[in-house]
Structure formats: structure tokens, C-alpha cells
Amino acid sequence: MDSNREQLLENVNLKGTSRTEEEVHHGMTVSVQNGKVRRVLSNLQVVLLGTKLSVLLPTIPLSFVAVYCGFGKAWIFTMSLLALTLLAERISFLTEQVAYYTGPTVGGLLNATFGNATELIIAISALNQHKLRLLKYSLLGSVLSNLLLVLGTSLFCGGLANLRSEQKFESRQAHVNCLLLMLGAFCHMLPMLLQYAGDSTVTGGQALELSRALSIIMLFSYVTYLFFQLWTHRTFFESNEESNDDDDDYVAAVGFWSGFVWLFVVTIITAWLSEYVVGTIEDASKSWGLPVSFLSLILVPILGNAAEHAGSIIFALKNKLDISLGVSLGSATQIAMFVVPACVVVAWIMGINMDINFNLIETVSLTLAVITTSIALQDGTSHYVKGLILILCYIVIGICFLIFETPMDEETKRTNMHLRLKPWME
């Protein structure tokens, strides 16, 4: 009898133990699932709501609704452009999150690759739609806005915030960027001058061949610049890292793989909305009574880089001009020496004849902007008058393209006139 009782007690204990283990295992499973849900919700909150520009979040679904419900093209353009303003800032944020785990070298390459992803995506979209004029004006506008508007506003605001002290920055970094930009202006000027050297029917093909050769040289110079910046002469750019000493306790808010997934998703949405912007900008121009060149040269670059521009100004107000210069000059250099020649090479592969001839007024504006910026930064010091002069130069260029009808605007008018006359002709 005693042995039977002992066996019964052991069975009861074993059953109780197995139930306890099952409950613990079930509890661990639930906690793991809850942890994953919390992580996903946390990432959603950080990525979607972790910026003041999150007020523009509704414009993303509204853009798709406007397209599929057949709203006016001007509304589609407005919603898509506002959505790109938010997405461009989120791409920059996610790139910084991923770069946190990769170290300074790989992080620098990531920032160089995704730093102007919005401009590159818009350029590829315009290239797919064979809108070469729009492509050139959007890229030129990005360079001019970074050189004159962003840098000028940063110097102006920084000078006003530090009236009693002279702002100083590392001039060697600025000199390297200005040299590259001068090379870019030199390469843009030669194909433009070639059309005045002889018969236009002959020089047209020569300008295309020259543009492709110069694009390869520009890409090579930009790769050399990256090697110079990230490996051989990092001391030229160490002031940017020293300015970030206050951020030593910074911890990434998004995980490595989560950052990559979000970066991929945001880039896909950006590419989709860029198609809408490129496809509706001419209709928006007609609806608003503004030249296409003005919208693509002034409005699109300003809104597309609004967050980056604001960051540059904030650093200037904190007397960290080296970071402001890194944002404005670095972005302008990347577009002029990487994005533009890359588009020429990609168009060459696609069988599209794209050159780097931006026409007379456009090329002269670019060259004068580079020269003016180089003069303003040559002594390594800054005050608000320098910033004001750069801003006024940008306003002068904006007024010029608001009044002057470029070949793209004339081409758009001819197309619209042809579409209006076509029913009568039939």
C-alpha cells in the first residue's frame, strides 16, 4: 500500500512539474511575441513619427488617392512633392541609423550613396520618361540651392547669431570641394561652347561624345575625392567629427537590419512618388502659370531638401560651420560630380542621347555660383554679409528663370498647342 501511495505521489509531482514547464514555456513564447510586437511598434513610431515633418505623413496616401481617383494634375504634383519632402528627410535619418553600426568608413560611403537619393531617383524617373530638360534643370537646381541658398542662409543666420565673434571653419575642406566644383563647371562649359565652334549638325554629335568622355572623368574624380576624404586625408575632415563630441552617448533608435528594411521601403515609395512629380510638373506649370524651368530649378530642390537645409542652418546657429559646409558643399559636389555624370552614363547604356550641355544661361549661372562661393570661403572666416550676398545671388537666378522662357518652356508650349489644335486638324 505504501509503495502504491509513493507511486501516486510521484505521478502527481511529475504532472505538476510538466504543467509548470508548459506554463513557463507558454509564458516565454508570449513574452517573445510581445517583445517583437513592441519592437515593430517602436520602429514604426521612430520612423514615421520621429520628426517634426511627420505632419506631412498624410500626403503620402493622399498622393496615391489623388492619382487613382483622377484628381487634377496640379493637386497630384503638390501632394507628391510635399510627400517627397518628408521621405527625403527619412532617407537621411535611416542612412545615419545604419551608418551607426558600420563604422566611419562604411558609414561615409553610405552617406555618399544615399545622401542625395531623392535627386537621383527623380533623375532616373525623368530619364525613363525621356524628359531630359527636366532632368537637367532639377539637378542644376539642386546644385544652385545648396551652393547659394543653403550655404548662404547658414552663413547669414550663423553670422547674426554670433555678431560679436567671427565664425571660423576649416578652409582646407572647402577648398577641396570648390576645386571639384570648378572642374565640374569646366566640364559643363566645354560642350556648351562647342555648339558655337562650327556647324550645329556636326557639333551636336561631337558634344554628345565629349559629354560622355567628360562624364567618365568626373566620376573618376569623385571616386578619388571619396578615397581622399575617407582614407588618405581624413585629417582635413576631422573637425566635423570633433564637432560631434557632444553626441558620443548617441544610441541608434533603429536596429541594423530594421534600418535596411525601412530604407528599402522608403526608397521604393520615393521612386513611386517621383514618377508622379515628373509626370505632372508640366500640367502644374500650366495650371499655376509658372515656367516649368522655375518649378524644376527652384521649387522642387527647395522642398526636396528642406530637412537637410534646416539641419545646416541649425548647425550654423550653434557655431558649427564645418558641419554646415559639409552638408551644403558636400551635397552640391555629389550632385555635380556624381549624379549628373552617372545619369549621362546610364542614359548611354539605355540608348538615350543625353549630354551635359545645360545651355548658355544655365551654364553661366552654375559657373558664377561656383566662383562666388569659392571667393566667399577662401579666407576660412564668415559673417552675415557673405551669407546675404549668396542669398541675393540665388534670388537673382530665380527671378531670371521666372521671367526667361527656356527651350524647355517653349517645347512644352508647342506640345500643349499641338494637343489643342489636334482635334480641329482632324
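**Confidence, contacts and burial**

Colleague: Where pLDDT stays under 50 over residues 240-245, how many contacts beyond four places in sequence does the model have?

Modeller: The pLDDT is the predictor's confidence in each residue, from 0 to 100, and over residues 240-245 it stays under 50. Contact means heavy atoms within 4.5 Å. Beyond four places in sequence, the number of contacts that the model has for this stretch is 7.

Colleague: Over residues 414-426, how many contacts beyond near neighbours in sequence are in the model?

Modeller: Residues 414-426 have a pLDDT below 50. Beyond near neighbours in sequence, the contacts of this stretch in the model number 2.

Colleague: What pLDDT do side-chain atom pairs need in order to count?

Modeller: Residues are numbered from 1 along each chain as its sequence is written, and side-chain values use heavy atoms, with hydrogens and water left out. This is a predicted model, in which local features need pLDDT of at least 70, totals for chains, interfaces and linings use all residues, and side-chain atom pairs count only at pLDDT 80 or more.

Colleague: In which helix is confidence highest?

Modeller: The mean pLDDT of the protein is 77, with 76% of its residues at 70 or more. Helices are DSSP runs (H or I, at least four residues), numbered from the N terminus. Confidence is lowest in helix H15 (residues 407-425), at a mean of 43. The highest mean, 92, belongs to residues 360-376, which form helix H13.

Colleague: Is asparagine 146 buried or exposed?

Modeller: Asparagine 146 lies in helix H5 (residues 132-161). Beyond four places in sequence, it touches residues including Asn305, His309 and Ser331. Buried means under 20% relative accessible area, exposed over 50% and partly exposed in between (1.4 Å probe, protein chains only). With a relative accessible area of 1%, asparagine 146 is therefore buried.

Colleague: What is the relative accessible area of serine 331?

Modeller: Serine 331 is placed in helix H12 (residues 321-350). Leaving aside neighbours within four places in sequence, serine 331 is in contact with Asn116, Asn146, Glu308 and Gly326. Serine 331 is buried, because its relative accessible area is 3%.

Colleague: How many residues has the largest nonpolar core?

Modeller: A nonpolar core is a set of buried Ala, Val, Leu, Ile, Met, Phe, Trp, Tyr and Cys residues joined through side-chain atoms within 4.5 Å. Leu297 is one of the residues with the most contacts inside the largest core; not counting residues up to four places away in sequence, leucine 297 touches Tyr137, Leu140, Gly141, Leu144, Tyr394, Ile397 and Phe401. The residue count of this core is 86.

Colleague: How far is tyrosine 384 from asparagine 162 in space, C-alpha to C-alpha?

Modeller: Tyrosine 384 is found in helix H14 (residues 384-403), and its 35% relative accessible area makes it partly exposed. Beyond four places in sequence, tyrosine 384 touches Leu155, Phe156, Gly159, Leu160 and Leu163. Tyrosine 384 and asparagine 162 are 222 residues apart in sequence, and their C-alpha to C-alpha separation in space is 9.1 Å.

Colleague: What is the phi of histidine 130?

Modeller: Histidine 130 lies in the loop between helix H4 (117-128) and H5. At 55% relative accessibility, histidine 130 counts as exposed. Its phi is positive, in a residue other than glycine, and is near 60°.

Notes
Helices (H or I, at least four residues) and strands (E, at least two) are DSSP runs, numbered from the N terminus.
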